Amino acid sequence: MKLNTKIVLTILQVSLIPWALGGFLAYLSSQEQINSQTYSNLDAIAAIQKNRLQDTLQNKLDILQLFTKSPWLTAYVRDYNAQPTLANKKRIQDLIEAPGRSLGIKKLFVMTLDGAVIASTDSALLGTDKENEDYFKRGVLANDESILEKDAAGIVSQYLVGPLISNGKTEGVMAVVTDANDIVDVAHDFTGLGKTGETLIVQKMSGNNALFLTSTRYDPSAALERVVTADKTNVPSVHAVAGEEAVFNNVVDYRGVKVFAATRYIPSVGWGIVVKIDKSEAFAPVVRLRELFFFIIAMVGVLMVFIGISMSRSITGPINKVTEFASKISQGATQQSIVVTSKDEVGILAATLNTMIERLQDAYATLEKKVLERTKALTEKTEEAKNSEKAALNIAADLKTEEEKLAEEKTRAESLANDLKKFKLALDDTSDQVIISDPEGMVVYANAAVERITGYRAEDALGKKAGALWKQPMPKEYYQNFWHTIKDLKTTFIGEIQNKRKNGEIYTAMINVSPVMDDAGNIIFFVGLERDITREKEIDTAKSEFISLASHQLRTPLTVVNWYAEMLLDDDAGKLNKKQKEYFDEIYQAGRQMNEIIKSFLHILRIESGTQTKNLVSTDLTLVAKSVLAELHLNAEKKDIRVIERYQKSIPAVTTDADLVRVITQNFVSNAIKYSSKGGQILVALETVDKGSVVAGKTAHADSLLVSVQDNGIGIPAADQDKIFTKFFRSENAKKLDPNGNGLGLYMSQIMVDIIGGSIWFISKEGKGTTFYVMLPMDGKRLV
Ligand code: ADP
């Protein structure tokens with residue numbers, strides 16, 4: 001229900017309910033008042049009418065008694081009865097004649113006890129017999145005035161009858177017939193009874209039925225005709241003839257109309273009196289009051305509706321505005337505001353709504369900001385999650401790889417264990433002494449050869465420092481170098497050592513001690529191999545002596561040859577002609593070449609006999625390169641070859657054997673010069689290489705230093721490239737360009753690189769040029 005309707009209805013209720021209640025109560029009280037007033041009116045009127053009727057009857061009784069108590073009349077009738085003579089009759093006739101013409105009397109007549117009319121003012125009656133008439137029967141017994149009769153013309157007369165008693169004896173009956181006007185007057189007097197009220201005079205009939213004695217207001221012919229039967233107990237006439245004197249509410253009259261009524265009864269005649277008024281008339285004022293009341297209610301209602309509508313408009317107008325505003329807000333219109341000027345609650349509500357909407361706007365703004373921030377954070381989180389997922393996937397992949405690795409490791413470990421078993425068996429039987437010690441040098445394994453070489457049992461050596469039993473002290477520097485190599489540099493120490501057998505004999509052994517490391521690079525064992533080389537040493541010494549002797553023997557004459565050839569070429573012995581110079585130059589070159597060959601032989605002999613040990617020292621390779629180039633610059637100049645040096649800035653010092661590196665570099669540069677055509681170009685470069693990076697197709701397994709020598713010479717034919725490092729090998733194109741090579745330089749270089757730990761390789765294209773590389777680990781440790 002709309003608020004407007006509610007307000008109007010409420011106003012109507014509030015205003016009309018008191019009205020309705022008040023009106024209803026007023027109505028009830030006026031009805032009550034009217035009831036009681038009507039009752040008392042009717043009762044009073046009934047009393048009056050009864051009195052009037054009784055007075056009338058008394059008057060008539062008085063008239064009757066004028067005759068019945070007349071001593072003459074009673075005497076004359078007695079006389080007549082005694083002597084029914086005409087004279088006696090005449091005397092009676094005369095006596096009633098005179099009064100019969102006055103007093104409003106219609107007629108008088110006297111009857112004998114057998115009903116015969118003996119005297120009458122109406123001569124027609126004389127001699128008639130009234131013995132069966134009611135009034136006669138009543139009149140014999142007592143004075144009676146209850147009988148009314150209607151003649152043929154419809155005129156009602158009242159019969160007053162009474163006995164004529166003389167000397168205590170009834171002699172006859174006197175009848176006085178009067179008009180009934182006085183009774184009709186009473187009945188037709190409507191004073192105080194309004195437009196509908198009337199007085200009914202009814203006579204009790206046999207069976208208690210009620211006979212109307214007069215005409216009524218509504219029925220002119222009711223007199224002595226209309227009867228209300230005794231069974232109609234809701235008709236007051238019945239109650240009246242029953243002797244009830246009362247007032248009645250819920251009754252109807254002879255017409256069936258609802259009436260208020262009051263009843264009276266006159267026992268002397270058996271008449272009932274009913275004084276009544278139609279309820280409709282009695283209640284007319286109440287009805288008017290009711291109509292007025294409804295009219296007023298209607299008017300008040302209409303007025304209240306108008307007031308209600310205007311009030312509700314003044315209330316709901318702003319409320320509607322507020323509602324509309326609130327509905328707009330609920331639909332998301334947050335940019336609105338409302339104007340309600342009233343200072344009442346609605347005004348306050350509107351102002352509050354405005355404040356709310358402002359706060360809402362603020363809240364929205366904050367919310368939007370927060371949403372943006374959250375969204376950003378969420379996006380970042382999602383990104384993070386994605387990354388984490390990626391990371392997790394990577395980890396999973398790594399884990400898988402790890403698992404695979406582990407499986408591999410396991411297989412490897414198993415095969416290693418097998419290998420180890422075989423290895424142990426082999427070790428046990430090998431002729432070389434094998435000692436394995438922990439990182440502190442405490443022996444954990446010694447093979448059977450120990451006993452053969454030293455004379456001590458292998459078990460005796462266990463748990464002791466390696467070599468403790470057979471040690472023949474060496475110089476302090478030896479041990480320093482030994483431990484430095486295997487412990488600090490974590491590389492293999494190869495060297496000769498002097499030991500003492502159990503029988504006191506001194507022997508020479510070649511030892512090869514290598515550290516074994518775990519993945520983290522920590523030493524877990526040292527493996528030492530010892531070979532008794534006392535015999536070889538002796539032979540070697542003899543060989544060395546021979547080589548030394550031979551080389552010296554060869555070198556001395558060669559030096560002399562070279563020296564003299566040089567002098568001759570320098571024209572020290574007089575000017576040589578061109579031909580002579582050519583021949584001497586050949587001799588000088590051959591001599592130099594021979595010298596080179598001898599040097600190489602000596603080197604190779606040293607290396608092959610194992611006497612070539614490495615001497616690791618901190619080396620500045622730039623200096624090495626420069627010295628090589630200085631030595632060979634004349635050769636380059638001769639062939640008009642341009643040498644370019646490119647050294648990386650601040651090349652760190654590298655731990656290596658400087659002499660061996662020098663020999664290698666010298667080989668590279670001299671080959672580049674040899675195998676380049678006139679006017680060629682050589683690039684000598686030095687650079688550091690980080691562990692893991694790839695240079696010229698080779699991966700660096702440690703932080704290293706790279707020496708490269710590049711030329712744009714004849715190059716190495718593809719078919720020869722895998723033979724280049726073999727002893728005495730020379731390519732055809734090389735032999736053609738320079739027949740003086742010996743094919744030993746690269747063979748030697750490779751062995752040397754092997755000794756100092758590193759890699760050597762080349763890239764070459766026939767006719768385009770060649771680049772030789774040597775990569776050396778910075779820390780001098782052997783590359784795996
Ligand atoms: P030699 O130079 O005395 O012949 P090497 O052992 O130094 O002996 O070289 C072996 C062979 O490798 C050479 O004969 C030559 O065929 C080839 N060679 C070496 N360096 C180069 C180079 N820079 N250019 C072309 N060929 C080369």
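How many cavities of 30 Å³ or more does a search of the whole structure find? In this predicted model, the search turns up 1. The volume of this largest cavity comes out at about 30 Å³.

As for what surrounds that space, the lining is made up of Leu621, Val624, Ala625, Val661, Thr665, Leu686 and Val707. By residue class, that works out as 6 nonpolar and 1 polar, with no charged residues. Two helices, H15 (621–638) and H16 (658–674), each put at least two residues into the lining. Helix H15 has the largest share, with 3 residues.

Out of the 21 residues around the ligand, the ones that come nearest are Lys674, Tyr675, Arg730, Ser731 and Asn742.

Tyr675 places a polar side-chain atom 2.8 Å from a ligand oxygen. From the backbone, a polar atom of Leu746 sits 2.9 Å from an oxygen atom of the ligand, and an N or O atom of Gly743 is 3.1 Å from a ligand oxygen. On its own, the ligand has 530 Å² of accessible area, and the protein covers 98% of that.

Terms used: Residues are numbered from 1 along each chain as its sequence is written. This is a predicted model: local features need pLDDT of at least 70, side-chain atom pairs count only at pLDDT 80 or more; totals for chains, interfaces and linings use all residues. Side-chain values use heavy atoms; hydrogens and water are left out. On a 1 Å grid over the protein atoms alone, a cavity is a set of points where a 1.4 Å probe fits but cannot get out, and a pocket is an open set with protein on both sides within 12 Å along at least five of seven lines; lining residues have an atom within 4 Å of a point. Grid points are joined across faces, edges and corners, and a volume is the space filled by probe spheres set on the points. Helices (H or I, at least four residues) and strands (E, at least two) are DSSP runs, numbered from the N terminus. Ala, Val, Leu, Ile, Met, Phe, Trp, Tyr, Cys and Pro count as nonpolar, Asp, Glu, Lys and Arg as charged, and the others, Gly among them, as polar. A residue is near a molecule or strand if one of its heavy atoms lies within 4 Å of it. A polar contact is a pair of N or O atoms within 3.5 Å; within protein, one must be able to donate a hydrogen and the other to accept it, and residues adjacent in sequence count only if both atoms are side-chain atoms. Accessible areas come from the Shrake-Rupley method with a 1.4 Å probe; for residues, only the protein chains shown count as cover.
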